[in-house]
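Colleague: I'd like a close look at one part of this model: the side-chain contacts, charged and aromatic. Could you walk me through them?

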Amino acid sequence: MLYRCVNCGGNVVYDPAKKKMVCLSCGGSDCQELVPSQEPVICINCGSQIPYTEYQSAGRCPSCGTYLLRDDKVNYPYGADVILPFKISKHEAEEKLRNEFGKKLFIPGTFLSQKTLEALKGVYVPFWMYDYDSDVAYEAIGTKVRSWTSGDKRYTETSYFDVGRSLHVNYEGIPVDASIAMEDGIMDLMEPYNYKELMQHDNKYLSGFNAETYNMPPNEVEPRAQAKAEKANRDWVRSTTTGYSSLTNERFRNNNRLTGTKFGLMPVWVYEYRFQGKNYKFYVNGQTGKCVGTEPKSMSKAVGLTALLFGAAFVLLDGLSMLLGVL
């Protein structure tokens, strides 16, 4: 399917800067009509076959450049429940990358050039979001130690306490990415999103971007959500048991009962740069602008800078020796 302009027939996409649907041809706003397709892998605009990946639900026709949604991957049972629409535009994402990595030493000259940044693409990453009703119980023996000096003697007093904590908390929407292509660690670093801006999913937000449906069912990735809930529970316990010299005989009981699951899409700008036979990937949170990645280093630049510094030092020393000779 695609979104077509009712005024000129052009391709209408979602514009993060304007927060509106915009026609790429005439510039009209919110002028779209949805045109469904009978053949999900055939471009409805030019008839070309589209090489969708297994889980891809939205993308761009390689022949005519039209942004399309795959009908059989954006509706039940693959359609999302909620979505965080892109808030950071492509231009803003480029600037975020330049600000984050552009001043690093020894980066290749083409690393953040306008031409290579054309490869920057917006991707909606699939996430499962879990709700839990959680009970936490904690017991330990706490010690407090104080020392003092009286006369010529040093005294130490150790007091022992029974430490107990209990917590009942409701977690709403603990996120875990459900994309095989995206590294779990990278997606964790993309957090946090402002989940208060989650809204009911609408397919129009996918137009102009790539998107995936979930690659794995919710039960397969839920252990990661359970681990996040347990970490939050333990962090709470630690924050309320300060002031002790030590805590021993610790017993932590954690019970997270699943009460709900939602399928959501989160926005990420992805930039891939190839240098000296190696791929470097960079990610920009499409809502907050947070950047993640490790920049490449050009050894020729490093060698050149070393030679320049060595040459400058040699000239300086030579000048000093001549001056000392005159004196």
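**Side-chain contacts**

Modeller: Let's start with a group of charges: D177, D184, D188, E191, R224 and K228 are joined in a network of salt bridges. Keep in mind that this is a predicted model. Side chains of opposite charge can pair when their charged atoms come close. Here the count of salt bridges comes to 17.

Take K262 and D131, whose closest N and O atoms are 3.7 Å apart in a salt bridge. That pair links distant parts of the chain, with K262 in strand β12 and D131 in strand β8 (residues 121-150), 131 residues apart. K262 is partly exposed, at 23% relative accessibility, whereas D131 has a relative accessible area of 15% and is buried.

E139 and R251 also meet in a salt bridge, at 3.0 Å from N to O. E139 belongs to strand β8 and R251 to strand β12, so this contact ties together parts 112 residues apart in sequence. Both ends get the label partly exposed: E139 has a relative accessibility of 32%, and R251 has a relative accessible area of 40%.

Then there's E295 with K297, a salt bridge with its closest N and O atoms 3.4 Å apart. E295 counts as buried because its relative accessibility is 14%, under the 20% cut-off. K297, on the other hand, is partly exposed at 44%.

Now for the rings. The model has 21 aromatic pairs. One of them is Y193 with Y195, a tilted pair with 6.2 Å from centre to centre and 55° between the planes. Y193 is buried, with a relative accessible area of 5%, while Y195 is partly exposed at 26%. In another pair, the ring centres of Y214 and F263 are 5.2 Å apart and the planes are at 90°, so this one is edge-to-face. It connects distant parts of the chain, 49 residues apart: Y214 is in the loop between β11 (210-212) and α4 (218-239), and F263 is in strand β12 (residues 246-275). Y214 and F263 are both buried. There's an aromatic cluster as well, made up of F101, F111, Y271, Y273, F275 and F282.

The charged end of K144 sits over the ring of Y244, 5.2 Å from its centre. Over the ring of F252 you'll find the charged end of R234, 3.9 Å from the ring centre.

Terms used. Residues are numbered from 1 along each chain as its sequence is written. This is a predicted model: local features need pLDDT of at least 70, side-chain atom pairs count only at pLDDT 80 or more; totals for chains, interfaces and linings use all residues. Side-chain values use heavy atoms; hydrogens and water are left out. Rings of Phe, Tyr and Trp (its six-membered ring) pair if their centres lie within 6.5 Å; planes under 30 degrees apart count as stacked, over 60 as edge-to-face and the rest as tilted. Buried means under 20% relative accessible area, exposed over 50%, partly exposed in between (1.4 Å probe, protein chains only). Helices (H or I, at least four residues) and strands (E, at least two) are DSSP runs, numbered from the N terminus. A charge sits over a ring if NZ of Lys or CZ of Arg is within 6 Å of the ring centre and within 35 degrees of the ring normal. A salt bridge is a side-chain nitrogen of Lys or Arg within 4 Å of a carboxyl oxygen of Asp or Glu.
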